[in-house]
Amino acid sequence: MRLHVRGVVLPEGEVRDLWVRDGVLSDEPIRDADTVCAHGWILPGLVDAHCHVGIKHGGGHEDRAGAVTQAEIERDAGALLLRDAGSPIDTRFLDDRDDLPRIIRAGRHIARPKRYIRELGIDVDDERDLPEIVAEQARRGDGWVKLVGDWIDRATGDLAPLWSDTILKAAIDAAHGEGARVTAHVFGEDALPGLLGAGIDCIEHGTGLTDDTIALMAAHHTALVPTLINIDTFPGIADGATKFPVYAAHMRDLHRRSRDTVARAHEAGVPIYTGTDAGGSIRHGRIADEILALTEAGFTPHDALGASAWNARTWLGHPGIEPGAPADFVVYDQDPRTNLATLTTPAWVVLRGRVYARRDPVTAYR
C-alpha cells in the first residue's frame, strides 16, 4: 500500500508531506501513492504506557477474542504503542496481527499472597525468592518487570509496603542484569523510599509522592506514569472499604491532592508519561482522557501531548515520525494543541501503513 499524507507534523509544527510504502515512512515522493488527506495535524502514534490487555473490564482474565477487541479499541483511539504493565494471560499471539498496536510487555504482576488482586499476579511466599522470580519475568517480558510496591495490609488497615529494602535492591539488580527495567504499583508514601533507593526505573500511580521522594525521582531520572483517570476511582474504592476507615480516609486524601502531586513532580523535572490503567476498572480507548487530565495537573497542551507521543515513544525506545520508521501515526482535523478534545475523534489512524476508522469504545464493548 502506497499512501500520501500532508499536514502539520507535531512536535515541530511544520507542514510536511509524508509518504508510506510497505508500512514505512518516507519524506521522498512515491509514485502512484493514494492521498489520504491533504490537510490535518499529524501526531506519532499515541502511547498508553500503563495498559492491561488481557484483564477483563470488571475483573478477571480475558479470552483471546476479548484481548483482540481490547487491542482494536486502543488502536482506533490512536494508541498504537502499549506498555502492558502486567497481564494474567500471554498476549504474544497478538504480535502475529499487523492490524493491532505494538505491545511492550512487563510479564505478570509480582506480589505477596493476599496483597494484590487475586489471580492477576504471581504470589511470592518467601520474599527471598523475589530476585529469582524477577529475573525470570525479565526474560519473559519485553524489557520490563512489574512489582506491586504497596497494597492494603488488612492486619494494619492501611496501605503498606510488600518488600524489604534489601530484597528490593537485589531484585532490581537482577532485572537490570537481564537488561530489563523495573516499575512498581505504588499508591501510598511508605514504599517509595525503598523502591527509589533500590534503583527502580519507573513508578506507577505515585499518589503518595512527597517533596523528598519527588526530589529523589528527579535526581535519578525515575519516570512517573500517574494514571490520573484511574486515580479518580479512589473515592469509590474508599466508599467500599467501610471495614478499613483509615485506609478509606487515606485513599480519599491521595485522590484529593493527586493533581497537585503530579504538578509538583512535573515542576521538579520528573519525566512523566501517560497511562490509563485500562483493564479492570478502566475501559480501553481512553488515552485522550488521560492526556486531558495532565492539563489539570499543570501541563501545557504541548507537554501533555509530548507525554503521550514523541517523548513517550523515545522513552520506550520507539521512533516517531521520521524517514525509515514504521508508519504509525494519527491525523486530526483540528490542532490538538489548541483543542485537546479533538483527540477523541481521530480523522485517520495509520498503523504499519494501513488506515483504520475510528470506533466508539463503548459500542465496541457491547
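## His-4 and its surroundings

Leaving aside neighbours within four places in sequence, His-4 touches Asp-17, Leu-18, Trp-19, Ala-33, Asp-34, Thr-35, Val-36 and Cys-37. With Thr-35 there is also a polar contact, side chain to side chain, at 3.1 Å. Keep in mind as you look around that this is a predicted model.

His-4 itself sits in strand 1, which covers residues 2-9. Is this histidine buried or exposed? Its relative accessibility is 13%, and because buried means under 20%, His-4 counts as buried.

## Asp-76 in helix 1

Another charged side chain worth a visit is Asp-76, which lies in helix 1 (residues 64-76). Asp-76 is buried, with a relative accessible area of 0%. Which side chain does the side chain of Asp-76 meet in a polar contact? The partner is the side chain of Arg-75, at 2.9 Å.

## Strand 11, covered on both sides

Strand 11 (144-148) is mostly covered, with five of its five residues buried. In a regular strand, side chains alternate between the two faces of the sheet. Here, Trp-144, Lys-146 and Val-148 are buried on one side, while Val-145 and Leu-147 are buried on the other. Both faces of the strand are therefore covered, as buried means under 20% relative accessible area.

Strand 11 pairs with strand 14 (residues 181-186) in the parallel sense, over five bridges.

Helix 2 runs over residues 130-140, and its buried residues are Leu-130, Pro-131, Ile-133, Val-134, Ala-135, Gln-137 and Ala-138. What do these buried residues pack against? Strand 11 is one of the elements they meet, together with strand 9 (110-111), strand 10 (122-123) and helix 3 (165-177).

Further along is helix 10 (residues 287-296), where Ile-287, Ala-288, Glu-290, Ile-291, Ala-293 and Leu-294 are the buried residues. Just after helix 10, Gly-298 takes a positive phi of about 95 degrees.

## The largest pocket

Rolling a probe the size of a water molecule over the atoms shows where empty space is left. The largest pocket has a volume of about 700 Å³. Its lining is made of 33 residues, and Tyr-116, Ile-117, Trp-151, Ile-237 and Ser-281 lie nearest the centre.

Which helix gives the largest share of this lining? That is helix 7, with three residues. Strand 12 (150-153) and helix 7 (234-239) each supply at least two residues of the lining. By type, the lining of the largest pocket divides into 12 nonpolar, 16 polar and five charged residues.

## The second largest pocket

The second largest pocket holds about 230 Å³ of space. It is lined by 15 residues, and those closest to its centre are Ser-87, Ile-89, Asp-90, Gly-107 and Arg-108. How many of the lining residues are charged? The lining of the second largest pocket has six charged residues, alongside six polar and three nonpolar ones.

Definitions and conventions:
Residues are numbered from 1 along each chain as its sequence is written. This is a predicted model: local features need pLDDT of at least 70, side-chain atom pairs count only at pLDDT 80 or more; totals for chains, interfaces and linings use all residues. Side-chain values use heavy atoms; hydrogens and water are left out. Buried means under 20% relative accessible area, exposed over 50%, partly exposed in between (1.4 Å probe, protein chains only). Helices (H or I, at least four residues) and strands (E, at least two) are DSSP runs, numbered from the N terminus. Contact means heavy atoms within 4.5 Å. On a 1 Å grid over the protein atoms alone, a cavity is a set of points where a 1.4 Å probe fits but cannot get out, and a pocket is an open set with protein on both sides within 12 Å along at least five of seven lines; lining residues have an atom within 4 Å of a point. Grid points are joined across faces, edges and corners, and a volume is the space filled by probe spheres set on the points. A polar contact is a pair of N or O atoms within 3.5 Å; within protein, one must be able to donate a hydrogen and the other to accept it, and residues adjacent in sequence count only if both atoms are side-chain atoms. Two strands pair if DSSP finds at least two bridges between them.
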